[in-house]
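This report describes how one protein chain is folded, for a reader who is new to structural description.

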Amino acid sequence: MQNLNLFNLYTDILNKNKIDYLVTGSVASIVYGEPRLTNDIDLILNLFDNQVDALIEAFPSDLFYCPPREVIKVELRRSLRGHINLIHHETGFKADIYFVENDEFITWAFKHRQIFTLFNSTISLAPPEYVIVKKLEFYKEGNAQKHLTDINGMLLNSKNIIDFEFLNKIIIVKGLNDLWRSVYDKSKDA
């Protein structure tokens, strides 16, 4: 497979098969912020039970590892943190697939998605406010510095498209205000 673009490897297939998704995580922070290496793409799928077969068919087993139907259905029904992986055999590039939870913030993110053209393909990107909040949550959970670095890059390069009034409200609701203030204050000094 020549000239393979790993970022679009999964999104092109999802677009073609009309499976609703958002790109989030490190790939979203790269688009909004600064380049860095990543080993995967994080995707949130708005997938319904009757679309599981379509997902499996979209990622055929000769090209991708895709979990069995039963595993996907179990993960799809989880109320929190339903998750599977898809892996491209030739490159080893992985997609961490998360499923939409019963959560107003995810619903908001889908309604406020950003559509970008990346390497001649259209991608559906989680809004920067969603990416920042999730990066703060993941940092709080595991203390991985990469999340704060990603947020700083987003603040340096995408400040003009971030709705700070909305972002601050969500950060307060999620109990992340102290961490956010620290990150935001440091970004002003950069």
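## Contacts and overall form

In the protein chain, 62% of the contacts with a separation of 6 or more are between residues 24 or more positions apart; a contact means heavy atoms within 4.5 Å. The model is a predicted one, in which local features need pLDDT of at least 70 and side-chain atom pairs count only at pLDDT 80 or more, while totals for chains, interfaces and linings use all residues. Residues are numbered from 1 along each chain as its sequence is written, and side-chain values use heavy atoms, with hydrogens and water left out.

The protein chain contains 9 helices and 7 strands. Both are DSSP runs numbered from the N terminus: helices are H or I with at least four residues, and strands are E with at least two. The radius of gyration of the protein chain is 17 Å, close to the 16 Å that the globule rule gives for 190 residues, so the chain is as compact as a globular protein of that length. This radius is taken over C-alpha atoms, and the globule rule is 2.2 Å times the number of residues to the power 0.38. Along the principal axes, the C-alpha atoms fill a box of roughly 50 × 40 × 30 Å.

## Surface and burial

The protein chain exposes about 10,300 Å², and carbon and sulfur atoms supply 50% of this area. Accessible areas come from the Shrake-Rupley method with a 1.4 Å probe; for residues, only the protein chains shown count as cover. Of the 190 residues, 46% count as buried. Buried means under 20% relative accessible area, exposed means over 50%, and partly exposed lies in between (1.4 Å probe, protein chains only).

## Strand pairing

Strand 5 (residues 94-99) is joined to strand 2 (residues 40-45) by 6 bridges, and these two strands run parallel. Two strands pair if DSSP finds at least two bridges between them. Leu45 has Phe99 of strand 5 as its bridge partner. Strand 5 also pairs with strand 4 (residues 83-88), in the antiparallel sense and over 5 bridges. Here Asn85 has Asp96 of strand 5 as its bridge partner. The hairpin of strand 4 and strand 5 has 5 residues between the strands, and Gly92 in this hairpin takes a positive phi near 80°.

Strand 6 (residues 114-118) and strand 7 run antiparallel and are joined by 5 bridges. Leu118 is bridged to Ser121 in strand 7. The hairpin of strand 6 and strand 7 has 2 residues between the strands, and Phe119 in it takes a positive phi near 55°. Strand 7 (residues 121-125) is largely enclosed by the rest of the structure, because 4 of its 5 residues are buried.

## Aromatic pairs

The whole structure holds 11 aromatic pairs. Rings of Phe, Tyr and Trp (its six-membered ring) pair if their centres lie within 6.5 Å; planes under 30 degrees apart count as stacked, over 60 as edge-to-face and the rest as tilted. The pair of Phe105 and Tyr130 is tilted, because the ring centres are 5.0 Å apart and the planes are at 40°. Phe105 lies in helix 5 (residues 104-111) and Tyr130 in helix 6 (residues 128-142), so this pair ties together parts that are 25 residues apart in sequence. Phe105 counts as buried at 7% relative accessibility, and Tyr130 counts as buried at 4%.

The rings of Trp180 and Tyr184 have their centres 5.4 Å apart and their planes at 40°, so this pair is tilted. These two residues are 4 residues apart in helix 9 (residues 177-189), a separation of about one helical turn.

In soluble globular proteins, nonpolar side chains tend to be buried together. The largest nonpolar core of this model has 60 residues, and those with the most contacts inside it include Tyr10, Phe59, Leu136 and Trp180. Helix 6 gives the most to this core, with 6 residues. A nonpolar core is a set of buried Ala, Val, Leu, Ile, Met, Phe, Trp, Tyr and Cys residues joined through side-chain atoms within 4.5 Å.

Trp180 is buried, with a relative accessible area of 1%. Not counting residues up to four places away in sequence, Trp180 touches several residues, among them Ile132, Leu136, Leu155 and Phe164.

## Exposed loop residues

Lys18 is located in the loop between helix 1 and strand 1 (21-24). Although Lys18 is not a glycine, its phi is positive, at about 55°. Lys18 counts as exposed, at 70% relative accessibility.

Asn143 belongs to the loop between helix 6 and helix 7 (145-158). Its phi is near 60°, a positive value in a residue other than glycine. Asn143 counts as exposed, at 54% relative accessibility.
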